[in-house]
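The sequence and the structure come before the discussion.

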Amino acid sequence: MREAVRGLMIDSADRVLLLRLEFQNWTGWILPGGGKEPGETDTETLHRELTEETGVPEIFMGPPVWTRTMYRREPGEFDGQTETVYLVPCHPFEVAPTMSAEELNAEGVREHRWWTVAELEATTDELGPENLPELIKDVLDNGAPAEPPALEG
């Protein structure tokens, strides 16, 4: 199991930025972020990952909004991960990753998109986690929880 950090990037129009990943056994949309490097803090990981995947120049890292333990759906370098998701309020911006297309492709990243909750509720695409629209709606309606819920899957 590896440790990971993800950002719930919500812009001023209440849209959320997601990345579409494509693997042999799963294709779907997830929050940007990724695995912690040895010695990195959550803050350092989130800044690095969001810069690499979105190109956002600066972020405000808010409080954690949920944690999740997920198990890998296919063989790979690790069996799964525990991830902490942090609220990252932001202004709308054009996504311009600092990673090359080749590097993103190697990580399974195929595209990015800003979504509204209504669009997420209506999509038939896979989402990670599956109840992502409900989780986002709760944060939009109530803010970050005092104690982030722990999810599995």
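Does R6 count as buried or exposed, judged by its relative accessibility? In this model, which is predicted, R6 has a relative accessibility of 8% and therefore counts as buried.

**Salt bridges**

The side chain of R6 meets that of E83 in a salt bridge, with a distance of 3.0 Å from N to O. Because E83 belongs to strand 6 and R6 to strand 1, this pair ties together parts that lie 77 residues apart in sequence. E83 also forms a salt bridge with R68, where the closest N and O atoms are 3.0 Å apart. Here R68 lies in strand 5 and E83 in strand 6, so the pair links parts that are 15 residues apart in sequence. Salt bridges that share partners also join E37, E40, R48, E49 and E52 into one network. A further salt bridge pairs K36 with D42, their closest N and O atoms being 2.9 Å apart. The count of salt bridges comes to 14.

| Residue | Relative accessibility | Class |
|---|---|---|
| E83 | 3% | buried |
| R68 | 5% | buried |
| R6 | 8% | buried |
| K36 | 25% | partly exposed |

**Nonpolar cores**

The largest nonpolar core has 19 residues, of which L8, L18, L31 and W66 touch the most other members. At least two residues of this core are supplied by each of strand 1 (2-10), strand 2 (16-22), strand 5 (64-71), strand 6 (80-89), helix 3 (117-122) and helix 4. Helix 4 provides the largest share, with 4 residues. Apart from this core lies another one of 14 residues, among them M9, L50, V95 and W114.

**Helix 4**

Within helix 4, which spans residues 132-142, the buried residues are L132, P133, L135, I136 and V139. Seen down the helix axis, the buried residues of helix 4 fall within an arc of 165°, so they line one face of the helix. The face turned away from this buried side carries the exposed residues E134, D141 and N142. Just after helix 4, G143 adopts a positive phi of about 80°.

Technical notes
Residues are numbered from 1 along each chain as its sequence is written. This is a predicted model: local features need pLDDT of at least 70, side-chain atom pairs count only at pLDDT 80 or more; totals for chains, interfaces and linings use all residues. Side-chain values use heavy atoms; hydrogens and water are left out. Buried means under 20% relative accessible area, exposed over 50%, partly exposed in between (1.4 Å probe, protein chains only). The arc is that of the directions from the helix axis to the C-beta atoms. A nonpolar core is a set of buried Ala, Val, Leu, Ile, Met, Phe, Trp, Tyr and Cys residues joined through side-chain atoms within 4.5 Å. A salt bridge is a side-chain nitrogen of Lys or Arg within 4 Å of a carboxyl oxygen of Asp or Glu.
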